[in-house]
Amino acid sequence: MKKKENVMIYANAQKCLGCHSCEMACAVSHGGDNGLFAAVRDQLPLHPRIKVVATGEVNIPMQCRQCDNAPCAMVCPTGACRQTDGQVFINEANCVGCKLCVMVCPFGSITVRRTEQQSTWSVTNQGVAQKCDLCASWCKENGKENTACVEACPTKAISLVDMQTYRQALIKARAKELAQSQKNIDLVLRGM
């Protein structure tokens, strides 16, 4: 499997049904050995790192965008949140649960939650930061190229996108819009 560098999850709101399959797949992939059926049977909480948000007429999955110059990595006092090879990672073992990363995340993609293991060894730390990690361990364990949410999406509204490819597509789209605007302005000016 090739290493994912400078990639992010891209969600196309026009294709999203709001079915929450991505949330379920994310929760299960990060749920350890429990699996979905064990979680349902034992009534364990599922904690997805992606959240489908309904806004007006569309739904859009929201998760970490792997920001360049990530604000979460800049404010982390312990270095638990760091940026390496174009990705933002959280080393949960170094997290003190201060929630600074939660406050500065522009997408609301980071949560702090207390794990069962933590409740046995920590009296003061009320949780560790968690966010989309591009399913690093899940992909490695299952030999997958794509994240769990990408694999689960029935309409292919979610995809893994290389930032360079994304930027090139964005430049072309903006150039097309600019050219059309200039054409419209020229028509108006000729009519004066």
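**Exercise 1. Is Asp68 buried, partly exposed or exposed, and what is its relative accessible area?**

Solution. The model is predicted, so local features need pLDDT of at least 70 and side-chain atom pairs count only at pLDDT 80 or more, while totals for chains, interfaces and linings use all residues. Residues are numbered from 1 along each chain as its sequence is written, and side-chain values use heavy atoms, with hydrogens and water left out. The classes are buried for under 20% relative accessible area, exposed for over 50% and partly exposed in between, with a 1.4 Å probe and protein chains only. Asp68 has a relative accessible area of 42%, and is therefore partly exposed.

**Exercise 2. Identify the salt-bridge partner of Asp68, and explain which parts of the chain the pair ties together.**

Solution. The criterion for a salt bridge is a side-chain nitrogen of Lys or Arg within 4 Å of a carboxyl oxygen of Asp or Glu. The side chain of Asp68 meets that of Arg167, with an N to O distance of 2.3 Å. Arg167 belongs to helix H8 (residues 163-191), whereas Asp68 sits in the loop between strand S3 (58-62) and helix H3 (71-75), so the pair ties together parts that are 99 residues apart in sequence. Helices (H or I, at least four residues) and strands (E, at least two) are here DSSP runs, numbered from the N terminus. Arg167 is partly exposed, at a relative accessible area of 29%.

**Exercise 3. Describe the other salt bridges, given that the structure holds five.**

Solution. Begin with Glu151 and Lys144, whose side chains meet in a salt bridge at 3.5 Å, N to O; Glu151 is partly exposed at 38% relative accessible area, and Lys144 is partly exposed at 28%. Next, Glu177 and Arg174 form a salt bridge at 3.2 Å, N to O, and both lie in helix H8, three residues apart, which is about one turn of the helix. Finally, Arg49, Glu92 and Asp133 are linked in a network of salt bridges.

**Exercise 4. Check the length of H8 against expectation, and examine its start.**

Solution. The expected span of a helix is 1.5 Å times one less than its number of residues. The 29 residues of H8 should therefore span 42 Å, and its end C-alpha atoms are 42 Å apart, which agrees. At the start of H8, a side-chain oxygen of Asp162 comes to within 3.1 Å of the backbone nitrogen of Gln164.

**Exercise 5. Characterise the pairing of strand S2 with S3.**

Solution. Strands count as paired if DSSP finds at least two bridges between them. Strand S2 (residues 51-55) and S3 run antiparallel and are joined by five bridges, with Val52 standing opposite Pro61 in S3. The two strands form a hairpin with two residues between them, and Gly56 in the turn has a positive phi of about 65°.

Notes
A polar contact is a pair of N or O atoms within 3.5 Å; within protein, one must be able to donate a hydrogen and the other to accept it, and residues adjacent in sequence count only if both atoms are side-chain atoms.
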